[in-house]
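Good morning. Please have the sequence and the structure open while I talk, and stop me if you lose the place.

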Amino acid sequence: MNATKSIFWLALGLVCYAYILYPAALWAVCRIARRAGGKRATRRRRGTPVLPFDCPTVSLVVPAFNEEKDLPAKLSNLDEIDYRGDRMEVIFVSDGSTDGTDALLAGVCRPRFRFFRLPSRQGKPGALNRAAAAARGDILVFSDASTILAPDAVRNLARHFGDPPVRVVCGALRFSRTAESAGPEGVYWTYETALRRMEARIGATLTASGAIYAVRRACFRPLAPDTILEDFLVPMTARRLGYRVLYDPEARACDTAAATVGGEFTRRARLAAGSFRALLPLTRAALSSPAVFWAFLSHKLLRWLVPVFLLALAVTSVALRARPVYGFALALQAAFYLWALAGLVFRERLRKVRFALVGYFLVAMNLAFLVGLARSVSGRQPVTWTRVNG
């Protein structure tokens, strides 16, 4: 019985730490760092502005698989990018697309535009490796076919590379949302963005969004064919090698969220499988500094394991339910899961009710990580990707 109690309190403590105590501690550390460093520490870190005559050469890389629907907007967006035309090339790689993607890209006639087609699907790592091998720019800027870059996004990423130790710069991605995803995804992404900003202030940026980040071409290493989470591995590998990784909230891009929580579940399950598959190299890279390891352990590893802690919490609560404290805890958990179930059953009616679907979203995302863990252990997660619209 004592062991059961210990498991209950440990699981409860870890869940509370991952979602509440870590953000609070991170906020406190940032406040202390600001006060200790004075005015200079309060300024958001930015690179030296890139002037027209000293722009580094950039290769904008866009992998694509069956992106016929999104490509017209993406190609139009390229004309809006505020960067010297003779200093930026654009490389599209079609990963064995079977719709009209190849024909559309083959018909593009614009300077410094190149298109490569992989004859069969190799997954995103193969597409990125092909583009990086052909790139001529000093800086690789990675984006997605569905992502719309802000006009100054490339300039804001590139301005940091005047500092030699900087190897990776991560941009800020926001989502345009559908009726179902707007409430829960909006709450989650606001929370996640706040964590990323605070981690950046203490020099502990962990991950990029694959839709907008930049890497020195000389630092890029070919990705293994089974890589799923390249936008996490690339920054963390740079850290392991002793280089700097920055986050610039002014390098902005916009993408479309999955139309439903179910669609987001599919995406998260895939990302979770990649996270667990790459756990060992990510952990080694996180040891590069105490701040990075703290952020990795708290923001990533413990968060990935929250569904395991929730299961332990439920099982021990049932076993200890005869005691008032644990019975109350069981009742709270039951209420929470009933709220999530109501979100699933009545999601059409609850879409316009603020926060009504948050419980459903949280349970779905944690279940996705549980599924991802199972896929990682079984090796059943394919490396190829398909854009989630539903």
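Let us start with Gly 203. Leaving out residues up to four places away in sequence, Gly 203 touches Arg 239 and Val 292. Keep in mind throughout that this is a predicted model. Gly 203 and Val 292 are 89 residues apart in sequence, yet their C-alpha atoms are 7.5 Å apart in space. Where does Gly 203 lie? It sits in the loop between helix 6 and strand 7. With a relative accessible area of 39%, Gly 203 is partly exposed.

The loop between helix 6 (179–201) and strand 7 (212–216) also holds Thr 205. Is Thr 205 buried or exposed? Its relative accessibility is 6%, so Thr 205 counts as buried, because the cut-off for buried is under 20%. Not counting residues up to four places away in sequence, Thr 205 touches Cys 170, Glu 199, Ala 200, Arg 239, Val 245, Leu 246 and Tyr 247.

Next, Arg 196, which lies in helix 6. Arg 196 has a relative accessible area of 17% and is buried. Which residues is Arg 196 in contact with, leaving aside neighbours within four places in sequence? They are Trp 189, Thr 207, Ala 208, Ser 209 and Tyr 247. Tyr 247 is also on the list for Thr 205.

Take strand 6, residues 166–176. Nine of its eleven residues are buried, so strand 6 is largely enclosed by the rest of the structure. On one hand, strand 6 pairs with strand 8 (residues 244–256) in the parallel sense, over nine bridges. In that pairing, Phe 175 has Asp 255 of strand 8 as its bridge partner. On the other hand, strand 6 and strand 7 run antiparallel and are joined by three bridges. There, the bridge partner of Val 168 is Val 215 in strand 7.

If you want a place to look, Phe 92 stands opposite Phe 115 in strand 3.

Helix 4 comes next, residues 124–134. How many of its eleven residues are buried? Eight are, so helix 4 is largely enclosed by the rest of the structure. The buried ones are Lys 124, Pro 125, Gly 126, Ala 127, Leu 128, Ala 131, Ala 132 and Ala 134. What do these buried residues pack against? They pack against strand 1 (58–64), strand 2, strand 3, strand 4 (139–143) and helix 7 (230–240).

Two residues deserve a look for their backbone angles. Asn 66 has a phi near 50°, a positive value in a residue other than glycine. Asn 66 is placed in the loop between strand 1 and helix 2 (71–78), and at 29% relative accessibility it counts as partly exposed. Arg 112 is not a glycine either, and its phi is positive, about 60°. You will find Arg 112 in the loop between helix 3 (101–106) and strand 3. Its relative accessible area is 38%, so Arg 112 is partly exposed.

Last, the chain as a whole. The secondary structure comes to 13 helices and eight strands. The radius of gyration is 22 Å, close to the 21 Å that the globule rule gives for 390 residues, so the chain is as compact as a globular protein of that length. Along its principal axes, the C-alpha trace spans about 75 × 55 × 40 Å. Buried residues make up 49% of the 390. Of the contacts between residues at least 6 apart in sequence, 80% join residues at least 24 apart. The accessible surface comes to about 18300 Å², and 62% of it belongs to carbon and sulfur atoms. As for charge, there are 54 positive and 28 negative side chains, and the centres of the two sets lie 9 Å apart.

That is the end of my part.

Terms used:
Residues numbered from 1 in each chain as written. Predicted model: local features only at pLDDT ≥ 70, side-chain atom pairs only at ≥ 80, totals over all residues. Heavy atoms only, no water. Pairing = 2+ DSSP bridges. Helix = DSSP H or I, 4+ residues; strand = E, 2+ residues; numbered from the N terminus. Buried < 20%, exposed > 50% of the residue type's maximum accessible area, 1.4 Å probe, protein only. Contact = heavy atoms within 4.5 Å. Rg over C-alpha atoms; globule rule 2.2 N^0.38 Å. Areas by Shrake-Rupley, 256 points an atom, 1.4 Å probe, with all protein chains shown as cover. Lys, Arg positive; Asp, Glu negative; His and termini not counted. Charge placed at Lys NZ, Arg CZ, Asp CG, Glu CD.
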